[in-house]
Amino acid sequence: MIKKIIFILLTVLTSCIYSPQKESEIIASYENSYLLKNEFLKLMNDVQIKDSLTRANYIINEWATEKILIDYARLNLDDKKIDTIEYLVQKYRSSLLTESYLEALINSEIDLKVDSLEIDSVFNTNKELFFLKNDIFKHLFIKIPLNFSDSDEVIKSFKNYRTKDQLFLDSISFRYSSFLLNNISWSTQKKIRDNFYFIDDTRFYTLKKNKFLKYEDSLGLYLIKIIDSRNSGEYSPKSYILPTLEYISLNNKKRMLSSKIKSEILSNAILKKKLEIY
């Protein structure tokens, strides 16, 4: 058996290199089923030469075992069981075909843009699903060198953060070590603490209470300011769950478009007298 497999493998690999591949070339057969060379080579894939014999043996044995078991199943299972299996196979095949085609039709027609009115509608319709499980915050951040000449002015402007303060802070932002200003993203307590190694429970409490925290280490002076927050149990801001709202909105569009396409397909079949309902 091993010699036969080696011969088959060498024949296949040699013919792949030196001659055109023919779909009719047979690697193995069982009754009226055939393992053809093109299928065999796909199953071999990018197998290393040293592993090729083992892989070829495995592929042929697996193919043969499957065919034999199917043959035995048809002989030994009762007709009702076989009919049920055949029905499920046919139903699964039909589902794959129809769903794939319907998805292609939907994707060719659907408008992927989601406007603010659609977002509002989805949010208001499903509002009870969007209670916050954690407190969330919008925060700003500036890190400046220890020898920064305008540190007092930066701290004062950052604390106040009025329009004139924002303009001032923006105007000298090129001098900061790093910064995050005009932030529109929401963060949980965990995310903020992950971003700033020095924030423990006590410092986070101070930040949450005072909306401001200052911390200094050997690398620089850190300034953090909370500009907005929402508490656990409140409705989530739409901006925080925007990806979810967009996903729901698109799914709603797909469902409506799917119903429309199915209705048009039925109407068209009836109109052309291809479908008759008795």
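This is a predicted model: local features need pLDDT of at least 70, side-chain atom pairs count only at pLDDT 80 or more; totals for chains, interfaces and linings use all residues.
Biologist: Where is Asn183 found, and why is Asn183 called buried?

Modeller: Asn183 sits in the loop that joins strand E4 (178-180) to strand E5 (187-188). Its relative accessible area is 12%, and buried means under 20%, so Asn183 is classed as buried.

Biologist: Which residues does Asn183 touch, leaving aside those up to four places away in sequence?

Modeller: With those set aside, Asn183 touches Lys138, His139, Leu140 and Ile227, where a contact means heavy atoms within 4.5 Å.

Biologist: Turning to helix H10, how do you know that its span agrees with its number of residues?

Modeller: Helix H10 covers residues 242-271, which is 30 residues. The expected span is 1.5 Å times one less than the number of residues, so H10 should span 44 Å, and its end C-alpha atoms are 43 Å apart, which agrees.

Biologist: Which residues of H10 are buried, and what covers them?

Modeller: The buried residues in H10 are Leu245, Ser249, Lys253, Leu257, Ser258, Ile261 and Ala269; their cover includes helix H4 (79-109) and helix H5 (116-125). Just after H10, Lys273 takes a positive phi of about 60 degrees.

Biologist: Helix H4 brings me to the largest pocket: which residues line it, and which helix supplies the largest share?

Modeller: The largest pocket holds about 190 Å³ of space and is lined by Ile70, Ala73, Arg74, Leu77, Ile82, Ile85, Glu86 and Val89. Helix H3 (49-76) and H4 each supply at least two residues of that lining, and the largest share, four residues, comes from H4.

Biologist: For the protein chain as a whole, what share of the residues is buried, and how many helices and strands are there?

Modeller: Buried residues make up 28% of the 278 residues, and the secondary structure comes to 10 helices and seven strands. Among contacts with a separation of 6 or more, 67% involve residues 24 or more positions apart.

Notes. Residues are numbered from 1 along each chain as its sequence is written. Side-chain values use heavy atoms; hydrogens and water are left out. Buried means under 20% relative accessible area, exposed over 50%, partly exposed in between (1.4 Å probe, protein chains only). On a 1 Å grid over the protein atoms alone, a cavity is a set of points where a 1.4 Å probe fits but cannot get out, and a pocket is an open set with protein on both sides within 12 Å along at least five of seven lines; lining residues have an atom within 4 Å of a point. Grid points are joined across faces, edges and corners, and a volume is the space filled by probe spheres set on the points.
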